[in-house]
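Colleague: I would like to learn how to read pockets and backbone angles in a model. Could you take me through an example?

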Amino acid sequence: MITSQLKKTWLCNLRGDVLAGVTVALALIPEAIAFSIIAGVDPMVGLYASFCIACVIAFTGGRPGMISAATGAMALLMVTLVKDHGIEYLFAATVLTGVLQFIMGVFRIGRFITFVPHSVMIGFVNALAILIFMAQLPHFVGESWNMYAMVAGTLAIIYLLPLVTKAVPAPLIAIIVMTVLAIWAGLDVRTVGDMGEITRTLPVFHVADVPFSWETLTIIFPYSFALALVGILESLLTATIIDEMTETKSDKNREVKGQGIANIVTGFFGGMAGCAMIGQSVINVKSGGRGRLSTLVAGLFLLFLIMVLGDVVKQIPMGALVGVMIMVSISTFDWKSLVNLRRVPFSDAVVMIVTVAIVVATHDLSKGVIAGVVISALVFGWKMARLKTNVLYDKNGVKVYTVSGQLFFGTMSHFVEQFDVQSDPERVVVDFRHSHVWDQSAVTAISKVVAAYRQAGKEIVLEGLNEESQKLIERIGLALPSGH
């Protein structure tokens with residue numbers, strides 16, 4: 001039984017998973033380093049994080065074949081914490097992030113991804129792309145033409161190489177070419193080594209050197225909570241995309257718990273918090289990766305590259321990394337959303353724009369997403385609150401009110417106002433075939449109408465109540481007449 005499960009989970013696509021994992025590991029290096037620089041930490045923090053998260057999530061995640069590592073979305077949230085309190089607080093915040101995510105997984109928060117509207121998803125992705133681009137601009141301050149030429153050269157290779165071959169990730173080739181060029185020509189440019197030391201050592205267990213106090217918790221909790229939400233959102237979004245690409249299902253709640261475990265481990269081994277990566281996950285799937293082995297190979301091979309090629313990695317020019325990150329921002333942005341602004345409903349366009357604006361203004365992805373979801377919910381509630389009543393008389397002179405729309409707290413007053421008790425005939429029928437009773441407020445509104453007709457000495461009959469509406473009315477206990 002165990003052998004059969006092992007083959008199904010790990011060894012069903014051995015060759016494809018290994019090759020895909022190696023490809024992803026090569027593509028992870030430049031982004032892991034760049035995201036570390038965005039967060040303002042040593043490049044090794046991002047590299048260790050990518051190794052730890054990828055290896056752990058291979059066992060604990062709920063979406064086989066998905067790649068998780070250090071990401072730009074998470075790195076952007078860490079900038080202020082690292083700047084104000086130092087890297088040790090980042091390690092503590094990473095552990096707390098994992099704990100919060102695991103708790104959220106236990107409470108099955110994964111199902112709530114279905115409540116995030118598509119317009120908010122697009123706004124989230126576009127805002128992330130804008131923030132990543134904006135984070136590159138300071139690297140151009142005070143730089144010579146060499147910097148601009150190197151960025152341009154990097155982008156040229158990234159976009160032109162795939163026209164010739166896609167066997168090796170274009171960003172990796174671009175970085176290799178730019179690094180060789182900078183060393184050969186002796187260019188005076190900033191390198192990764194100038195940003196922090198690249199050490200060819202294994203990550204070691206480390207407990208964050210911070211006071212275990214309430215004050216520390218108040219400092220790191222806001223960052224950890226935001227990191228947990230953003231990490232879960234991006235991971236579940238990526239899982240949904242991979243589900244569609246592979247035509248398979250994944251366990252979203254297990255994925256949330258798995259992300260939590262991975263971040264807890266990462267925080268104790270000198271890494272920054274991370275989550276699923278849309279770009280690398282797509283690369284993995286398109287390269288043939290389908291199982292958990294591909295994710296594990298990506299993490300292990302990344303560590304091999306750090307240990308063996310660490311001295312080379314630190315000579316990578318910053319211009320190459322900036323070029324890669326500009327490419328990431330360009331490819332992440334949903335350009336079709338700009339074209340579709342005139343086609344989609346006005347409310348959806350507003351939600352997307354508001355989500356982007358709040359995220360860019362606050363540098364907090366979670367605030368933008370929450371605002372977008374709230375606005376979408378209000379718009380949906382407003383649309384649901386449209387109630388229509390058609391009136392006609394049958395051959396016997398009975399007045400029939402046909403109600404169309406949803407009966408809930410938002411339509412209660414409007415429903416009551418539709419009836420003209422004093423002028424109506426002795427017998428009235430209310431037809432609910434095109435309506436649904438949702439809550440106690442709706443039942444109360446129906447009760448008020450019935451009471452008004454009874455008080456006037458007139459007969460009122462309710463018809464067409466669906467089964468759920470009838471059960472709700474009976475459960476609340478109001479004695480209402482039926483149409484039978």
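**Reading the pocket and the backbone**

Modeller: The largest pocket has a lining of 45 residues, and those nearest its centre are Ile-278, Gly-279, Val-282, Ile-283 and Ser-331. Keep in mind that this is a predicted model.

Colleague: Which elements give two or more residues to the lining of the largest pocket?

Modeller: They are α2 (14–39), α4 (72–85), α6 (118–136), α7 (145–160), α8 (170–185), α10 (214–246), α12 (278–286) and α14 (318–332). The most comes from α6, which gives seven residues.

Colleague: How many residues of that lining are nonpolar, polar and charged?

Modeller: The lining has 28 nonpolar residues, 11 polar ones and six charged ones.

Colleague: Now the backbone. What is the phi of Arg-108, and where does Arg-108 lie?

Modeller: Most residues other than glycine have a negative phi. Arg-108 is not a glycine, yet its phi is positive, about 60 degrees. Arg-108 sits in the loop between α5 (87–106) and α6. Its relative accessibility is 53%, so Arg-108 counts as exposed.

Colleague: What about Glu-247: where does it lie, and what is its phi?

Modeller: Glu-247 is in the loop between α10 and α11 (252–267). Glu-247 is a residue other than glycine with a positive phi, near 55 degrees.

Colleague: Why does Glu-247 count as exposed?

Modeller: Exposed means over 50% relative accessible area. Glu-247 has 74% relative accessibility, so it counts as exposed.

Technical notes:
Residues are numbered from 1 along each chain as its sequence is written. This is a predicted model: local features need pLDDT of at least 70, side-chain atom pairs count only at pLDDT 80 or more; totals for chains, interfaces and linings use all residues. Side-chain values use heavy atoms; hydrogens and water are left out. On a 1 Å grid over the protein atoms alone, a cavity is a set of points where a 1.4 Å probe fits but cannot get out, and a pocket is an open set with protein on both sides within 12 Å along at least five of seven lines; lining residues have an atom within 4 Å of a point. Helices (H or I, at least four residues) and strands (E, at least two) are DSSP runs, numbered from the N terminus. Ala, Val, Leu, Ile, Met, Phe, Trp, Tyr, Cys and Pro count as nonpolar, Asp, Glu, Lys and Arg as charged, and the others, Gly among them, as polar. Buried means under 20% relative accessible area, exposed over 50%, partly exposed in between (1.4 Å probe, protein chains only).
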